[in-house]
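Open the model in your viewer and keep the sequence panel beside it. This tour tells you what to select at each stop.

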Amino acid sequence: MTKAAYYFVTDIELDGPSTFENSMLSFATVVVHDDGEICGEFEAVLEPLPNHTQEKTTMDWWKTQQEAWKAATLNPEPATTVMERFADWVETFDGVRSFPARPLMLDSLWIDNYLQKFAATRIFGSPFPERQIFHTFGLDISTYMHGVLNHSKPFRKQMPIPQNWLGEHEHTHRAIDDARGYANLLAKLIAIAGSESPLDISPYKGEHR
């Protein structure tokens, strides 16, 4: 019997761009079943790492996002506590587990780094005999969107997204809001990919970029 697939759509918030110098402030994951159903959520705020600093440009930007900053820093927990709980939660979903994000390179880099440091596991496979909580190499939602909607046209880094495809979740830079939006987008793309008439959304208005 073929196992179900689960997509763990994740969004992160940071105090700088470097995994060596800065910290992940918060992250959230929304699970999408392979039939498009939203079937789980995880949200956490983490304590900044010792001996890591805040990057000035990033912190200047956070000053313009006061509500999101509050959500990303309220009641933080130790990274070990959060990442161990996250890894255990992921494994409660019995099926093929994949890690999508937008962009994948950013979110997966940080989550993988924190899982390796604090939960003795990884997002992606390695030649070493360690715990691996995901089964695939991840999915970049923007790339998947291009393949579903505009596969015969040149790739565009940012395609317009109709707001209702995000489940009407505003992109607030609060991790759970953004993860919910991208989870709804992925569910929509899965539905389109399974239909006989893929769409080109370039004429749509009211888009999110």
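**Stop 1: the sheet**

Start with the open sheet: four strands in the order β3-β2-β1-β4, with mixed pairing. Strands here are DSSP runs of E with at least two residues, helices are runs of H or I with at least four, and both are numbered from the N terminus. Two strands pair if DSSP finds at least two bridges between them. Strands of a sheet pair through backbone hydrogen bonds, either parallel or antiparallel.

This is a predicted model: local features need pLDDT of at least 70, side-chain atom pairs count only at pLDDT 80 or more, and totals for chains, interfaces and linings use all residues. Residues are numbered from 1 along each chain as its sequence is written, and side-chain values use heavy atoms, with hydrogens and water left out.

Select 5-14. This is strand β1, joined to β4 by three bridges, and the two run parallel. Now pick Y6 and look across to β4: R97 stands opposite.

**Stop 2: a residue in β2**

Select S26, which sits in strand β2 (residues 24-33). Is S26 buried or exposed? S26 is buried, because its relative accessible area is 4%. Buried means under 20%, exposed means over 50%, and partly exposed is in between, using a 1.4 Å probe and protein chains only. Show what surrounds S26. Leaving out residues up to four places away in sequence, S26 touches D11, I12, E13, A44, V45, L46, A72 and A175. Contact means heavy atoms within 4.5 Å.

**Stop 3**

I176 and S26 are 150 residues apart along the chain, yet their C-alpha atoms are separated by 9.3 Å. I176 is buried, with a relative accessible area of 1%. Beyond its neighbours within four places in sequence, I176 is in contact with A28, V30, E41, F42 and E43.

**Stop 4: a loop residue, L46**

Go to L46, in the loop between β3 and α1. With a relative accessible area of 2%, L46 counts as buried. Which residues does L46 touch? Not counting residues up to four places away in sequence, they are M24, L25, S26, F27, P76, E77, A79, V82, M83 and Y114. Draw a distance line from L46 to P76. They are 30 residues apart in sequence and 4.6 Å apart in space, C-alpha to C-alpha.

**Stop 5: the cores**

Select M24, F27, M83, F86, I111, Y114 and L115. These have the most contacts inside the largest nonpolar core, which has 31 residues. The elements giving two or more residues to this core are β1, β2, β3, α3 (79-90) and α4 (104-119). A nonpolar core is a set of buried Ala, Val, Leu, Ile, Met, Phe, Trp, Tyr and Cys residues joined through side-chain atoms within 4.5 Å.

Zoom in on L115. Leaving aside neighbours within four places in sequence, L115 is in contact with M83, F86, A87, A120, T121, R122, I123 and I133. Then move to a second, separate core of 22 residues, which includes W165, A175, L185 and I190.

**Stop 6: backbone details**

Most residues other than glycine have a negative phi, and most peptide bonds are trans. Look for the exceptions here.

- Select R102 and P103: a cis peptide bond joins them, with omega about 5 degrees. P103 lies in the loop between β5 (100-101) and α4.
- Select N51, in the loop between β3 and α1 (56-62). Its phi is positive, near 70 degrees. N51 is exposed, with a relative accessible area of 80%.
- Select N75, in the loop between α2 (66-73) and α3. N75 has a positive phi of about 55 degrees. N75 is exposed too, at a relative accessible area of 62%.

**Stop 7: the whole chain**

Zoom out. The protein has six helices and ten strands. Of its 209 residues, 46% count as buried.

Finally, color by pLDDT, the predictor's confidence in each residue, from 0 to 100. The protein averages a pLDDT of 88, and 86% of the residues score at least 70. Over residues 198-209 the pLDDT is below 50, although this stretch has 35 contacts in the model beyond near neighbours in sequence. Where pLDDT is low, the predicted coordinates should not be read in detail.
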